[in-house]
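Here are my notes on this one, jotted down while I had it open. Have a look at it yourself, then read on.

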Amino acid sequence: MALFMINRYLGEEEESKSNGESRSKALLSKLQERAKAREQQSPAAKKESDVQDTKTSEQSGVGKTKRKLEQQDKEKKRSKKKRKESIREKDDVDDTPVEHTDLGTSDQLRKKKKKKDKKGSGTREEQQHTASTGAVDEPESQKPADAQPEQSNTSSSFHILGGFENKAVQKVQRVLPKWLAEPDMIKRDIKSNLIPLVDVPGICPLLRKKLEANGIRTFFPVQAEVIPAVLESVNSGLLIGRGGYRPRDICVSAPTGSGKTLAFVIPVVQALMTRVVCEVRALAVLPTKELAQQVYKVFCTYAEGTGLKVVMAAGQKPFAVEQATLSEIRGGVSRSLADIVVATPGRLVDHINKNEGFSLQHLRFLIIDEADRMIDSMQQAWLNQVTKAVYKSGRASGVSIFRRVEPGPITVASLSPPQMPLQKLLFSATLTQNPEKLQQLGLHQPRLFSSTHSSSSEEKFNFPQGLTEYYVCCTLSKKPLLILHFLLRLKFSPVLCFTNSREAAHRLFLLVKLYGGVEVAEFSSRLSPSERQKTLKNFEQGKIQLLISTDAAARGIDIKGVKCVINYDAPQYIRTYIHRVGRTARAGKAGVAFTFVLGVQVEKFVKMVQDAGSPSLQKQTVKPESLRGMESRYEEVLNELGRVIKEENTEKRF
Ligand SMILES: Nc1ncnc2c1ncn2[C@@H]1O[C@H](COP(=O)(O)OP(=O)(O)OP(=O)(O)O)[C@@H](O)[C@H]1O
């Protein structure tokens, strides 16, 4: 395609192109002039020209023109013959009315080009060659009058810059760093890979007893791998790692319900239980209050009797109360009352900034649970604050025998004073494999434990072995009937049901409640933290058959006995799906998950789940006749629901 066209001035004849006769006249006279000029150059041609001139002088009008053309034709044939002899080129006789006697190579090419132009064909190479030999410089006046510049010819004379052609773009192949691409493998099947407590080296008798007392007789695969790895880093004491080097950070990606909590609680408690002075040496950060509460309980269980103090700073209690449990001032000196702090990011930052007695200068372990969520949602603001607090000089630096500076390149000088290393332990069922995101955490020679092999193409995730997944195609209006069918007719209980918003959760809760026959509760930010805690307790105790929740309960929450999860609204993201369905089939047990999918969502949903490495997603059909008998009551309830919601809205306004 030409970039642009150039319209040349073609002489007077161009202007009178419409007039065929005058045009041919003008052409003829021009040809005559040229012929004359050439004849002067060639004596033989001159002779002929003289004869011709005598003859033509007697003729006039159109006949004269005709004859002249015939003469031209003859002349043309002669010159062609000559040319053939001289350059031995087998060319066809040209019937172009324009002729030259002294055709050189460029003229031949010009002629060839003209022919091609007439035929409207010609390869690109040929056109380019023509352009390079300068054949396009032919004056317009020498062209046949009806030869208009063609676009293809014009384009051939231009070199088009820039790559405008459509090319198939090759997919960029992901290349992972070695530590991500080659993790220490964790077996996914819990049941057939239980490891007796005694077979895991380094666990002290006190903790082993505690584990047994809590019903833990064997370790799960993730615990058997991670506990020794963390304990190994404190073999030479808290100050230095193996061989005198700073210990490696540890990342763990293992399925939901695989026992990741104990994988960090046990080694951290064991590493700290011999400490002399109480300082904050372990900090566990979790995204929600409920999760912080859960992990706090596990730490308390295993720290009991060791002298270690565990404190929660997650906003469950007022700031001042938390402050008092974290530190105290005795004799004008601030003293830590906590060895292990379990916190949510927001409240943690509050204590770092506003609580003078809260010091992280002795921090040895930073545990980031649900690490991918923490990376995504916090933009590292809290992590920067923690790092600053760890390396800040203050109260501790005066009494400390060692210097603590932010680690830089390893040199003899940097290794000579004893350094308290900060070791990061990251845990998630959906740990990101994005090296850029992980880079933001400032990991030191990380070591990954994973139950999936990182491939270079798609991100694959961990699904619990005992989980069976189904999706149910349905319409929007049939969803409430479906859930009632699962509860009332199929007798699924207890069921944890997820919606995509708290409004949807509340509406469904009201609807099921109005329908009757099911013990139902909702769990969302509509409830206060204490109400939420109570609700979870009641659900765990079997007092609630159906718990309708937002994603507030999707991550990390460990509710024993949940046999069925229903995604009332299909989740948008694979990570959300994995955490939601992971509330069942925990600790090696079996569980089932259903996802209600609208017709338009089916393809995308199935692809999303299968691409993530789900081993068992199947379609489940619920026949329309199965829902019969519930519809009339459902219609009544819908009317009632409208009234109740209206009342609620009115109450809210006043
Ligand atoms: N060795 C063990 N033997 C028996 N039960 C265990 C063992 N380890 C953990 N559990 C139990 O397994 C359940 C799941 O553990 P945990 O909550 O630590 O899983 P998780 O991997 O952190 O899950 P999520 O990714 O959902 O947070 C808990 O109820 C826990 O008590």
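1. Leaving aside neighbours within four places in sequence, Leu 425 is in contact with Val 230, Ile 250, Phe 264, Val 268, Phe 365, Leu 366, Ile 367 and Ile 368.

2. Some housekeeping. This is a predicted model, where local features need pLDDT of at least 70 and side-chain atom pairs count only at pLDDT 80 or more, while totals for chains, interfaces and linings use all residues. Residues are numbered from 1 along each chain as its sequence is written, and side-chain values use heavy atoms, with hydrogens and water left out.

3. A nonpolar core is a set of buried Ala, Val, Leu, Ile, Met, Phe, Trp, Tyr and Cys residues joined through side-chain atoms within 4.5 Å; buried means under 20% relative accessible area, exposed over 50%, partly exposed in between (1.4 Å probe, protein chains only).

4. Now the ligand. Around it are 20 residues, of which Thr 218, Gln 223, Lys 260, Thr 261 and Asp 558 come nearest (near is a heavy atom within 4 Å). By class, that shell has six nonpolar, eight polar and six charged residues (nonpolar is Ala, Val, Leu, Ile, Met, Phe, Trp, Tyr, Cys and Pro; charged is Asp, Glu, Lys and Arg; the others, Gly among them, are polar).

5. Which atoms pair up with it? A ligand oxygen is 2.5 Å from a side-chain N or O of Asp 558, and a ligand oxygen is 2.7 Å from a side-chain N or O of Lys 260. A ligand nitrogen is 2.7 Å from a polar backbone atom of Thr 218. Alone, the ligand exposes 630 Å², and the protein buries 86% of that (Shrake-Rupley areas, 1.4 Å probe). Strand 3 (218-219) and helix 11 (260-272) each give two or more residues to the shell, with helix 11 supplying the largest share, three. Helices (H or I, at least four residues) and strands (E, at least two) are DSSP runs, numbered from the N terminus.

6. Do check Glu 370, in the loop between strand 10 (365-369) and helix 15 (371-378). Glu 370 counts as buried because its relative accessible area is 6%. Its side chain makes a polar contact with the side chain of Arg 555 (2.8 Å); that term is a pair of N or O atoms within 3.5 Å, and within protein one must be able to donate a hydrogen and the other to accept it, with residues adjacent in sequence counting only if both atoms are side-chain atoms.

Technical notes: Contact means heavy atoms within 4.5 Å.
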